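Colleague: Could you walk me through reading helices and sheets in a model like this one?
Modeller: Gladly; let us look together.

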Amino acid sequence: MTETVADTASDARYRVAVIGGTGPQGKGLGYRFALGGHDIVLGSRAAEKAEAVADEVREKIAGTTGAGPVGTVGGASNADAVAQCDVVLLAVPYDGHDELVASLASGGALAGKTVISCVNPLAFDKRGAHGRIINNGEGSAAESAQELAPEATVVGAFHNVSAVGLWEEPGFLDEDVIVVGDVVEAKQVAMALAASVTGRVGIDGGKLRLARQLEPFTAVLISINRKYKVHSGLRITGLGEH
Ligand SMILES: NC(=O)c1ccc[n+]([C@@H]2O[C@H](COP(=O)([O-])OP(=O)(O)OC[C@H]3O[C@@H](n4cnc5c(N)ncnc54)[C@H](OP(=O)(O)O)[C@@H]3O)[C@@H](O)[C@H]2O)c1
């Protein structure tokens with residue numbers, strides 16, 4: 001399918017390891033970041049699985065018209081992907097997340113890196129999706145990642161962006177990416193990457209602990225999606241051009 005996409009709003013170029021890059025969210029964000037000119041290494045517990053998905057992403061990019069200079073797309077084991085990049089996106093399920101982050105951080109492998117978490121700790125029952133209580137309500141997946149990788153700087157972003165939209169919508173998504181974190185420079189990385197997805201830099205949503213609100217909010221979007229048969233997203237009004 002031929003698609004169109006306009007130039008992104010930021011000149012910064014990053015090299016991003018996508019942990020869990022074989023899943024729909026990591027693959028979709030990796031595709032968008034590469035279209036935005038960033039170099040991507042999709043990570044997996046099995047390197048050959050990541051290489052196969054990297055082939056799929058490169059093929060998708062080749063069929064996308066109107067893209068500016070695109071980034072490279074590779075595949076590797078999660079640990080090798082981290083070693084090759086200064087920015088790391090966590091796109092894995094919450095189950096197993098803590099063990100994975102601890103293993104990635106071992107030996108200081110995440111030291112000095114910007115780690116972006118889009119992990120949503122959700123549960124599903126007969127009434128639909130809902131947010132899980134993390135650390136007795138005083139935590140979030142992003143804060144857990146920061147505790148497990150203290151030498152890295154963790155920010156939360158891309159929680160509310162649908163994987164289906166990332167892969168299937170032509171052009172930029174008509175929504176905003178809210179970025180939370182305690183270090184402005186790290187937030188700016190995620191805000192710049194967001195421009196590959198929405199055509200606008202992301203919005204600084206405040207401190208990392210507000211991931212406690214962003215992560216479970218996705219349950220509301222899932223509920224809206226089911227009721228209206230759409231792929232809904234968030235748009236923040238009142239900011240003017242940002
Ligand atoms: N899907 C969405 O629309 C969406 C939207 C916003 C945010 N998110 C969040 O993004 C994250 C990824 O979502 P997804 O739908 O792409 O998830 P997914 O398909 O269930 O998992 C993504 C990848 O994570 C790896 N993985 C699975 N279990 C693991 C474990 N125990 N330890 C280490 N790696 C494991 C797998 O890769 P390998 O087998 O190749 O290692 C898998 O392909 C989730 O936290 C989700 O809440 C998703």
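**Reading a helix and its sheet**

Modeller: Helix α2 (residues 47-62) has 16 residues, which at 1.5 Å a residue should span 22 Å, and its end C-alpha atoms agree at 23 Å apart. The expected span is 1.5 Å times one less than the number of residues; helices (H or I, at least four residues) and strands (E, at least two) are DSSP runs, numbered from the N terminus. This is a predicted model, where local features need pLDDT of at least 70, side-chain atom pairs count only at pLDDT 80 or more, and totals for chains, interfaces and linings use all residues. Residues are numbered from 1 along each chain as its sequence is written, and side-chain values use heavy atoms, without hydrogens and water.

Colleague: Which residues of α2 are buried?

Modeller: An α-helix has 3.6 residues a turn, so residues three or four places apart point the same way. In α2, Ala-50, Val-53, Ala-54, Val-57, Lys-60 and Ile-61 are buried (under 20% relative accessible area; exposed is over 50%, partly exposed in between; 1.4 Å probe, protein chains only). Seen down the axis, these buried residues fall within an arc of 120° (from directions of the helix axis to the C-beta atoms), so they line one face of α2. Glu-48, Glu-59 and Ala-62 are exposed on the other side.

Colleague: What is the strand order of the open sheet?

Modeller: Strands of a sheet pair through backbone hydrogen bonds, either parallel or antiparallel. Here eight strands follow the order β5-β3-β2-β6-β7-β10-β11-β12, with mixed pairing (at least two DSSP bridges between two strands). Because β5 (73-77) and β12 (203-206) are at the edges with a single partner strand each, one side of each has no neighbour in the sheet.
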